[in-house]
Amino acid sequence: MTFNLRAAIIPDGKNSWKYRRELAIEVIRNSAPDVMGTQETVGEQQVDVAKGLPEWSWVGEACFGGTFGEFQAIWYRRDRIALRRHGTFWLSDAPEKKGSNSWKSMAPRQCTWARLSCRNCGTEFAVFNTHFDHRNPEARKRSAALVGERIRAMQKKGIPCVLLGDLNMAPDHPDLTTLFGPAAADRPAAPLIDTWPAARERTGAPGTGNWFTDYVGTRRIDHIAVPYGTIVDRVVTDNTKKDDRYPSDHFPVRADLVLRSDPWRLRAADGHLRDPQGRAVVLRGASFTSGLKRVPPEIPYAEPDIDRWATMGFSVVRFLITWEGIMPREGEIDTAYIEQAAERIRWFTRRDIGVIVDMHQDLFSSKFGGDGAPAWACVDEPFTPRKPWQANYLEPAVRHSFTRFWRETALQDRFIEAWKAVVARLRNEPGIVGYEILNEPFPGDIPALNFERAALAPFYTRVAEAIRGLDPDRPIFVEPSVLTSTGAVPSLLPRLPFENYVYAPHYYAPGSEGLGAWPEPGAARAVVERLAKTAREVHHAPLFLGEFGADGSSAEGRAYLSEIIEACDAVNGSWACWVWSRGGDKAIEDEKGEVKDWASVLIRRPGR
């Protein structure tokens with residue numbers, strides 16, 4: 001609940017604090033929030049409310065420091081909520097200096113914060129309560145930026161944050177985009193969402209100022225904002241009036257919500273994926289589904305089918321998207337495609353399954369019988385299909401399309417635009433583990449010995465910079481050249497000039513593709529150990545074996561898969577097998593949707 005109680009020192013005649021004190025306390029008691037932020041109170045009001053609500057405690061400092069001036073206090077029910085720690089910072093260029101005022105606010109302004117936990121369920125969360133200046137637009141803008149910065153810092157620790165306060169701005173004000181507001185591809189992610197439009201049910205007027213009159217407007221300046229993914233059941237603007245008197249010149253606002261921390265806010269550090277508490281995380285999962293390569297996607301599943309995924313011990317899904325789906329015509333983003341992908345991603349995140357978003361390609365484009373790039377990004381040359389499908393990489397049209405892509409920054413810019421559109425939409429979705437820049441990059445006609453250093457590393461750096469401009473904290477997943485996927489050729493990809501990335505090679509022994517003999521016992525283990533060494537010593541990054549697979553119906557196939565998984569376990573490597581799909585030799589399910597017997601080597605191996 002947020003409630004501007006209007007300072008008792010203001011001479012309001014019949015609306016002075018002494019006449020509305022009991023009504024204000026009654027409104028709070030009847031609303032019965034677990035946590036409340038009050039604004040604009042002075043010491044007298046803090047004492048009165050505390051006496052009227054003895055089961056509550058509060059924290060906060062007055063705007064001039066100590067007890068002198070107005071409070072922006074955080075109140076909590078002691079029987080339901082436990083206080084972990086708290087503090088105050090000032091909305092100024094010197095936030096830790098008590099009473100500081102840098103931006104020509106009428107008086108010093110501050111923000112009170114508290115880390116709290118639910119006594120029943122143990123969920124820890126943070127609350128920020130503040131009151132922005134009502135006169136100076138620049139002060140409000142800079143206050144919003146500072147509070148947003150502090151909230152993002154708390155969220156990086158994995159702690160969901162709630163913002164309460166009188167911000168003296170409507171929710172669509174451009175200066176509030178650093179706190180909440182619509183997504184845009186050209187600005188950093190806002191950390192919170194406004195609860196009013198997100199609520200399943202809304203009661204009362206949208207406006208929150210009444211000026212002690214019966215005025216009911218539409219301008220909301222008193223806000224409750226919460227993390228993306230929060231379940232907001234109901235928001236109430238309480239316009240209680242008694243004896244021809246309102247309890248304040250602002251209506252209190254209450255939100256009934258269910259906070260959820262995002263366990264998938266991972267970070268790559270010291271060779272491991274780590275959760276917000278610093279614990280090492282190992283991922284186990286699969287790519288889903290080969291039909292996602294198509295445009296439009298062909299998915300033989302509905303959301304209830306994903307329940308099976310969670311029961312089999314998979315903790316993560318590699319979710320395929322394509323450049324063609326996002327930008328079918330040059331410069332035009334298909335938002336419907338991205339929205340459809342976002343909804344299907346939620347199939348997994350609603351079940352606490354993390355999602356790695358993979359920009360997929362095979363053979364550069366569907367124009368060449370594969371998937372990935374739109375037709376307009378391909379060279380206009382004849383194409384003659386070959387068998388097996390991998391041989392099509394040698395076709396001149398395929399090679400030349402890749403070569404042009406690596407050499408033309410303008411074409412890469414279009415690819416980056418597609419990624420930015422995806423990240424702008426997904427960055428605030430809970431459950432997103434990270435972004436895989438490009439599946440199985442092929443050098444085209446660039447010499448293999450030069451490709452990774454001269455073309456692939458600069459490309460990854462450019463794309464990562466664009467992604468980080470929108471979502472600065474999630475890991476980036478990078479693959480070496482597809483030529484290394486047989487395990488016979490080492491990668492020459494150098495360490496990349498940015499942090500928080502994951503080394504994500506693939507491994508398909510020729511036998512797993514029907515192109516040669518199965519590896520000797522121990523050979524697959526040696527490949528995984530070498531990949532782990534490269535991740536550790538070259539990239540200082542975690543290992544994520546992003547693809548491997550085989551037809552496990554043969555003894556050789558089962559032994560190959562088992563050896564890879566056991567080797568990953570031995571080096572604490574994460575993995576995603578290919579593929580959770582229906583039908584196909586490597587698919588976990590048959591055409592009828594039944595899990596194949598041999599898939600037991602993959603499932604029931606919990607990650608995290």
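On a 1 Å grid over the protein atoms alone, a cavity is a set of points where a 1.4 Å probe fits but cannot get out. By that definition, a search of the whole structure finds 5 cavities of 30 Å³ or more. This is a predicted model, in which local features need pLDDT of at least 70 and side-chain atom pairs count only at pLDDT 80 or more, while totals for chains, interfaces and linings use all residues. Residues are numbered from 1 along each chain as its sequence is written, and side-chain values use heavy atoms, with hydrogens and water left out.

**Cavities and pocket**

- The largest cavity holds about 90 Å³ of space; a volume is the space filled by probe spheres set on the grid points, which are joined across faces, edges and corners.
- Residues lining the largest cavity (those with an atom within 4 Å of a point) include Trp 323, Met 359, His 360, Phe 402, Phe 405 and Phe 415.
- That lining has 8 nonpolar, 3 polar and no charged residues, where Ala, Val, Leu, Ile, Met, Phe, Trp, Tyr, Cys and Pro count as nonpolar, Asp, Glu, Lys and Arg as charged, and the others, Gly among them, as polar.
- The largest pocket (an open set of points with protein on both sides within 12 Å along at least five of seven lines) has a volume of about 930 Å³.
- Of the 37 residues that line the largest pocket, Asp 362, Trp 389, Gln 390, Glu 440 and Glu 513 are the closest to its centre.
- The lining of the largest pocket comprises 16 nonpolar, 12 polar and 9 charged residues.

**Helix packing**

- Helices (H or I, at least four residues) and strands (E, at least two) are DSSP runs, numbered from the N terminus.
- Helix α8 (residues 396-407) packs against helix α9 (residues 409-426) at an angle of about 90°, and their axes are 5 Å apart; axes are lines fitted to C-alpha atoms, for helices over the stretch in contact, and angles run from 0 to 180 degrees between N-to-C directions.
- The angle therefore makes α8 roughly perpendicular to α9, a label for 65 to 115 degrees.
- In the contact (heavy atoms within 4.5 Å), Arg 404, Phe 405, Trp 406 and Arg 407 of α8 meet Thr 409, Leu 411, Gln 412 and Phe 415 of α9.

**Salt bridges**

- The whole structure has 46 salt bridges, each a side-chain nitrogen of Lys or Arg within 4 Å of a carboxyl oxygen of Asp or Glu.
- One of them pairs Glu 26 with Lys 242, with the closest N and O atoms 3.1 Å apart.

**Backbone geometry**

- Val 295 and Pro 296 are joined by a cis peptide bond with omega of about -5°, and Pro 296 lies in the loop between β17 (284-288) and α5 (306-311).
- Another cis peptide bond joins Trp 578 and Val 579, with omega of about 10°; Val 579 is in strand β24 (residues 574-580).

Notes: Angles under 35 degrees count as roughly parallel, over 145 as roughly antiparallel, 65 to 115 as roughly perpendicular and the rest as oblique.
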